[in-house]
Structures are given as C-alpha cells and as structure tokens.
Amino acid sequence: MLLIPCPYCGPREEVEFACGGEAHIARPANSDRLSDAQWSDYLFMRKNPKGVHYERWNHARGCRRWFNVARDTVTHRIYAVYKMGEAPPSVTP
Amino acid sequence: MTTQPYRLARGGRIDRAKRLRFSFNDRAYEGYRGDTLASALLANGVVLVGRGFKYHRPRGIMTAGSEEPNAIVQLGVGDRTEPNIRATQVELYDGLSAASINCWPSVEFDLGAVNGMMSRLFPAGFYYKTFMWPPSFWMKYEYFIRRMAGLGKAPDAPDPDRYDKTFAHCDVLVVGAGPAGLAAALAAGRAGARVILADEQAEPGGSLLASGETINGQPAAEWIAAALAELASMPDARVLARTTAFSYGDHNYVQMVERVADHLPPASSPGPRQRLWRVRAGQVVLAAGAIERPLVFADNDRPGIMLASAAATYVRRYAAAPGRRVLVFANNDGAYRDALALLDAGIGISAIVDPRPDPGAAIVAEIRRRGIEVLAGHVVAGTKGHGRVESAQVMKLDGDKVAGAARSIGCDAIAMSGGWNPTVHLFSQSGGKLRFDAARATFLPGAPVQAIRVAGAANGATSLQDCLREGHAAGAASAADAGAAGKAGDAPQAEPATPDEPAMPIWIVPSVKPVGEGGKHFIDHQNDVTAADLQLAVREGYSSVEHLKRYTTMGMGTDQGKTSNVNALALLAVTLGHEVGAVGTTTFRPPYTPVTVGAFAGHDQGDLLDPVRKTPLHGWHEIMGAPFENVGQWRRAWYYPKPGEDMHAAVGREAKAVRTGVGIVDASTLGKIDIQGPDAVELLNWVYTNAWNKLEIGRCRYGLMLGEDGMVMDDGVTTRLGENHYLMTTTTGNAARVLGWLENWLQCEWPHMRVYCTSVTEQWATVALNGPLARRLLAELTTDIELDPAKFPFLSFREGRVAAIPARIYRISFTGELSYEINVAPSHAVALWQALMAAGEKYAIVPYGTETMHVLRAEKGYIIVGQETDGTVTPHDLGMDWIVSKAKKDFIGKRSLARADTSRPDRKHLMGLLAENPSEVLPEGGQVVAEVKDRPPMAMIGHVTSSYFSPNAGRSIAMALIKNGRNRMGETVHVPAGERVIRATVTEPKFFDPEGKRLDG
C-alpha cells in the first residue's frame, strides 16, 4: 500500500485516494473534427510504461482535490507530486 | 497422566512450579509454563506427532520454530478449533487440547500408510497425471483425496473471539528480537528514534534464549533483561512479543499480527485474541535470523530426526531431551556446539558424522576430547526404525557416492545440519533482490530497493559478535536516516570467537542405491516431495523454479518451504548442471506464516462491516412494519403490508391508490448536489446532453448524463434556484459518483470555471405526494404557495411553508401523476410526514415503498439508470433522442454518439415486452431469443431489464433491451425461464397513460 504525499494534506495512506490514470490528457477542443481513430485514441489509449508514470490521483476520502503524481511503476517510488495545471517535472530514476 | 520421561532434571526457561495439563490425540499429558506444545510432547517422549501428506509416513518434530513442516496440529475444539497450527509455536496453557492431522483413522494406525508401499504410483505431477481422466471421475477422486490428505478441519461455527486492528507509525521498525534485533533497537532508541521491535516468539531474545554465551560480560539472559529494561525506559520504544511481521509492502508498509491471547486458555482474557498491526516505518531493520537447513539423506523423515539447532534449543530453553542417544550429522562446525550443549545436559551422543574429510576446528577437537567419535568424511546413507529412528547407516563418502560397508549406529534421534538459510522473506517482499553467496552456499540479501537494512544471521552473520555489531550499526544508521540526532552508544560485545571452518555443501547425500530406488530423500517434508520427484520433473522438462514448484508442489503448503526451498533450488541447479544460485528462487509471498482471517477482518464484521444509511423517516417505516430494500448503503422502505397482505397484495393496493387518490413516499435518498457560481450553467451544458441556457429561475429540467464514451451514466432533474444557483438530483446509488465526476472535470479540465459543488443529499429530507388528489391535500397545509397549475406548473419550483415547516416544493414526477416533491430540513421530516398523513386520512392517503415506485415508473416506461442501462446503452438505444441537443457544439459523450458502433441502426433498443399470458411475469434478467431450439445454444437477442405485474394496466409488463428492437415491433420473441419458455410480444415501452395526460391531476 502506497504512502501518497497529497500536496494539500501531506502523506496519507493509499486507501484515502483514488487513481485517475494517466495525467496530462487534455480533452480535444475540436472533437467534432476528429476521426473515429483520433477520438478513440483520446478515449481509450493510455501509456503503460515500465518506469516513471505521470498519473492523476484524487484525495477522495480527504480534501477531494485532484493532483498529479510521478510514480515508478516498478518500484512504486513516488518522485514528485504537483498540482493540476503544473507542468510535469522531469524525473531521472 | 504420564510423567515426563524426557524432561531434564534441571535447566531451561520453564517454570517447574506451574504444571499444566494438556491432551494430545485424546491422551492426557503434563508440561510446564514456558513449554511449547512441541517441547512438552518431547518431554513426554511423544515423537510421533503426525503423518506425511502423501505417503502418510510417521513424522516427528523437526524444528523448534515457525519453520516447522511436520508437527502441524488441529488446535482446540468446537467453534474455536483451528487447523494447521505449528506445535513448535503453540505456547502451552492449562487444558490445551490438540490432535494430529493427516491421519485417518489415527496417528498410530493410518490407512493411508499403504500409499508408502505404493510410492511408485505417486511421482512428481502425480495429481496432474492421475486424476485428470476421465473427467467425470474427479468427484469420486476428490472425496478420497480430501479425506486422505487431511490438512485439518475448518471450524463449522462462527468464530466467537474478537480481533483488533491498529495503525502504527515509527522511525525504525526492527523485525526480530534476537541479538542483532535487540542491538539495533537499543542503538536506534538511544539515538532518539521512535522504535518498534517485534518478535514472533513468546519472549524477546531469539537464539540467545538457548545460548550459553555472554554479552558485555553478562550471561545472555541477563543481558536480554537489561536491554528490555532499557527499551522500556525509553519514551518512544515499543516491544511487541508474539508478533509476526508477515508482509512487507510498498513504502515500508509492514503488516504484523500480534497473538495477544493465544497463549492463554480460550475466552480467559477480556481483550482481543489477536491484533493486526499496520506499520508505516521510516526505516526497517530486518533481523529475522536464519533457518537451519536439513540434510537430504535417505529416509531423513523418521520421527526423532530434527535440526541440530532445534535439538539444542529443546535442551537448553525447554529442558526437554529430543532423545537419549543422539547421532549428529552435520557439514559445519555450528552443529558441534549444539552437540556440546546436549553433552553438557547429560544426553549421550552416539557419534558425529561429518562429510568434510578433515574438520579441524577447536570445537571438533573438544568433542573428540570428550570421548565422542567423529566420523569425518562419512555420511548417513540411510536410517531405520519403526515410529522412531533406531539406527543410522553410516558410510564413507567417495566423491558423489558412498563406498565401503555400512556401519549401523544405534540412536534414538538424529540432529542434522546442512548449514543456514538467512530469513530473507521480508527483504524479498520489499523488492530487494537476493544474491547467491557461494562461499557460504546460501542466498543473501542484495541491494535494497526500500529503506531497509538487514543485520545479523538474516544477513549471513554466523558469530554472536558479528550479529551484535551488524545490528548495532544498522540501528544507528537507520535512526540517523530517520533524522534522529542522538548518540547510539557502543555496540554490545560478545566474547571473541574463532572463525568457523567452511561448511561443505552437500545437496543430496548419496546412498547405496540410486536416488529414488532405496529410501526416500525428502526435500519438502510437508508436501512429501523427494529428491527423486525433483529429478523426475527435471527429466520431464521442468527447468524453471516456478514451474518446478507448481509441478511437484515443492515449497507450497502452510510452511511455504521454509526448510525446503533452498535445498530444492540447489538440487535443481545441480541436476541441470548449473551453478547453485543460477536458477534463482521462487517468489517469497506474504504471509510469512499463516494469518487468521479474523485478524484481517478485525472489527469490520457484522453490523460494522459497512455503514448503513437511514433516512430521517426510518423509524416511522419500521413502526409501520415495512421491510427494507438495500440501495447501496441506504435502507429504503420496500412496501407497507397490511395484516394478511403479502408483497404482491400490498404493492397492488399501493399502486392503485396512487393513481386513484394520493400516495406518499420517502424519497430522501435521492442524491442532491448544490451547484453555485457564475459558470454553473456552463457546467450543466457540458455534463448533460440537453441545453440549459434558457432554464428560468424557478424551473426544473430533466437531464441525461453520459460518459465520454457516449453511454448513459446518470439521470435526474436539475432546478434553477437562483441566478447562479442550481440543485442537481441524481439517482440514489450514483450520488457520490456524480459529485466526483463534476469535481473531476472542474478541477482537471476546466479549472477556469467558477463553480462550487456541494453534496446536500442528507441536508434535505424529501417527501413526495403523488396522485390526482395531491393538490387538494397539499392545499390544506400551505397558505403561501399558489398551487393552481397555471401558477405552479409542472417542472417548476416554489419555496414556502407546508404544515408551517419551511419547504422547497418541486413539481416533478416519477409516476406520471400529479406530484409534489416536498423538501424540508431532516429534523422536520417526521413532523411533515405526520401532518400529511393526518390531513390525508380523508383522502385515504397511502404510503408506498420502492417496489410500488418501481412499478409505477415502469408503467410509464421511465428508466432507472443501472437497471435499464448497464454502461453499454446510449440515449438513442433508450429511445431518448429528444433529450440530445443537436445545437450544442459539444458536451461530454457527444463525439462518441457519432462513432460507427454507436450510430448503427441495429443496436439493442429499449422495448416493451408483453407476455402472451397476461398473468405471467417475465423473469428480470431473462434472456430474450428470437427462435427457440431444443437445447442451447440459442442466439440471444437481448435481456429483460424490468418486469412487474402492473395493477393499473391489469397485466404483466416488462422492459427489455432487444437487438434491433424498434424494427421488431409486434414480433413474438421467447424468454426461456427454467424448464419453460415464455412467449412475449415486442411493444413500445409504455403501458399506462401513453399520452401523459395525468401530470396536472
């Protein structure tokens, strides 16, 4: 079970959080002009890296804020947490 | 009552003044406080404690710790009975009762022992090879396999004991309170770190509890006492005995189980029986010690054959003699020290058999000086005995064979040692890789991944001095890493020891006959896996350790191969011609030792398993005798039976009353979200399919919410309360999800929007009046609201007072009747309800529950999200195109409605189904088929989503999702229901008042 440092509340147990999957996927502004393939790419296709993964988490049983986490999918080490709208930090494992 | 013939006259950490009675296999014995069940059995001369799993050969006690593979017992009786408990870990208490497992009908006479004579029939992969064919025979096989295999019996009554769970945080968690662990805890604690020290045994001390060594000039026992006293004096050090750290998760999350009351007679202590500790440790010091490695020689499983360290432990710590003439068979110097402990206790040593050609350490010389024969360059090539080992066949070792004549040496016990395996389980679980150390012939911890240090025997240390030094250093470094700035003090000092001579790895001890033909070389005693089984598996192509494990069952079972895994891996490597260690290890999975399910459940059972949500009117429903329906965590009144009524009769009466008079329903569970802010309408435009810009203040609108995949996710009515103020309602079960959905979009996608969402579900109690008489009733209780439909039309909202209670009233309808949903503060709900009931008496007002509510909405063809929909249903599928805006440029899910799959015309459509026989109710969930055949498979074209008997339509009604349904209008379809097939006609999903004329009463 992870110990996740919520940028608003500090470190809390994973049971307080919900994972929202890959971060930095913006909703296409012109969805009506996208092909089915482009739209399904937005809708369904997600990265599954071995190593650093930038992902969204929600402190659902806490402050209910969403934020981003740079987590290593192999070691589960959390390199950084940062707020929504902030650019992903570069991380060297 | 027998005496204790194998109890030594003096010594041990037992309390001879506290005599305890216990029974084993229905025979009465006596032991002392401080005994384990295993030590008490040995003291009573009981060496036959169980039977092997597969061959049912007699088995004895092999170890003195949690690694025990053989001596597993059924402990206790009745609802507290527990299977597969290691006798070596059971602390004796007065009145304890235990029994062997794996034997039928008794441990002395076991029918399964015939399996031993037919062992050629039980090769590796036996179960896969034998019981597969014919498949229909498996049921028969299974009955006998289970009977013969035993492995204990689960209790058949609820567990009467209580269990506790707790979280704990510390700077340094030390696992294991042997010399290394104690030294680590002392160092970390002195430096000022918050320390937890956990040990699985009854008292801290580990190997020191059976040691004659001294530390800081004190006997070990005195040093332990001093160390514990110092830890007790620290403000932030906690010592947990009887506590097994069994799992190591991410971010130094260690789970431990504390056996709080297992050492006491059942139900004799007021506290919990066990406690689950969930520890988040800044740093971990793993000082879990090491497990001695058995030697794999022919017939190495007879009762009386045990690990050398275990023999010394029984003698020193428990004053229980494992035998009177013990033969020692070992490849290392440590076992000589164990032999010396036995000699000092007055136990005879028949001989020491050592495969090393020329062991020359001082300890060997001392053993010889005491007149003990040391047979260097020899091995035990076989054993004999009935029920207990009686002799060992000792032969000269010649390369990888034995040579010369066998010499039979009489003995009643064999103390064996093949070296040591560091207890690296938790290190491996922490993600750290292991490395094979060829010099010590063992797997050692490699580079750590988490904040963990390994110290002492768990790190491969063999001398007490090294254990103390490593433990102290690890404790001090961990404290420093955790930010403790104090001084760790000096490492405890043991007497200097001369280094041991190297051990001689011998993975399989040769015998006169090839492996597999003479006696059995057991590797895994618990699963009865032999060296021959492993070699056969390798010949059959199983060269990966994980495959080998599954094929032979090696390393499985309740002991998870603690004594067997390394021997098996080494033999695999040798058989394949690889370096030992090159084949890797199997995964060390949690738990380290089995954990009672009750400890995981803790208090989270029964009424405490899940919260129950009750409406403010719950008590009234209870008084009226309403049964309740679970809707998520909510309890909702289901129907209100009058005396003599069943559900069908009650629902019939309620449903008719609503359409002819007036009904009242508790709708408080409806999800309610208060939405405020200048951009609230923009949010609504995004999350609903229809347009919200033109909604006036005081008006309500129904909305359908889609996922981005275009599938219906929720529905509900939203009301504009003020300029920038809306109240959204959601389905009862979806309230939290919808709030999360809104917050997700607002925070992650549209942070520029000025909108605030607040759950107000529990801030408003909702009472709905439905029926043609609703207006007349409500008019009697309100003076400040105009109820004329022209002034207060359908889909609008007014604020005022009902029965003098401040209320919000919404004219929305889930029945198709004239309806008022009255919202008041929860504290006023009962007063409101009672006022309406009293005033409604002359209108024959009828309270109705969720069942009638469902029937009434189904009569109208109104959907319930989650019943008519299942995450694969679009608005078009539901026939609800009218609510999907064409004008809006975008909304969530819009683009997906234009995908090829969602726009094809032959999707499943929501249709009505009328059974041919109007009194027959189709089964909900029933499969719809177009064509009936004699037997399955039949092509399924859909399923029934809702089905009721409709009192107002006077017949059964159903809704169903049917493939290409709108083009099947009028067709006959079939719904198989058990043995019968029900014929039904496809219709519009509207069964009452299709024109919707009744909304204004």
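Predicted model: local features only at pLDDT ≥ 70, side-chain atom pairs only at ≥ 80, totals over all residues.

Arg857(B) and Glu868(B) form a salt bridge whose closest N and O atoms are 2.9 Å apart. This pair links distant parts of the chain, 11 residues apart: Arg857(B) sits in helix 22 of chain B, while Glu868(B) is in the loop between helix 22 and strand 44. Both Arg857(B) and Glu868(B) are buried.

Some salt bridges share partners, and that joins Arg57(B), Arg59(B), Asp299(B), Asp301(B), Arg302(B) and Asp528(B) into one network. Over all chains, the structure holds 57 salt bridges.

Next, the meeting of the two chains. On chain B, 28 residues are in contact with 27 residues of chain A. Together the two chains bury about 2,300 Å², with 46% of that on carbon and sulfur atoms. Three residues, His251(B), Gln747(B) and Arg895(B), supply 28% of the area that chain B buries against chain A, more than any other three.

The rule finds six salt bridges across the interface of chain B and chain A. One salt bridge there brings together Asp32(A) and Lys889(B), at 3.9 Å from N to O. This pair crosses between chains, from the loop between strand 3 and helix 1 of chain A to the loop between helix 22 and strand 44 of chain B. Asp32(A) counts as partly exposed at 46% relative accessibility, and Lys889(B) is exposed at 51%.

| Salt bridge | N to O distance |
|---|---|
| Arg857(B) and Glu868(B) | 2.9 Å |
| Asp32(A) and Lys889(B) | 3.9 Å |
| Asp36(A) and Arg895(B) | 2.6 Å |

The interface of chain B and chain A also has 20 residue pairs in polar contact, both residues at pLDDT 80 or more. On the side of chain B that touches chain A, strand 8 and helix 19 are the elements that give two or more residues. Helix 19 gives the most, with eight residues. By class, that side of chain B has 11 nonpolar, seven polar and 10 charged residues.

Key. Residues numbered from 1 in each chain as written. Chains lettered and ligands numbered in written order. Heavy atoms only, no water. Salt bridge = Lys/Arg side-chain N within 4 Å of Asp/Glu carboxyl O. Helix = DSSP H or I, 4+ residues; strand = E, 2+ residues; numbered from the N terminus. Buried < 20%, exposed > 50% of the residue type's maximum accessible area, 1.4 Å probe, protein only. Contact = heavy atoms within 4.5 Å. Buried area = accessible area lost by both parts, 1.4 Å probe. Polar contact = N/O pair within 3.5 Å; in protein donor to acceptor, adjacent residues only side chain to side chain. Nonpolar A, V, L, I, M, F, W, Y, C, P; charged D, E, K, R; others polar.
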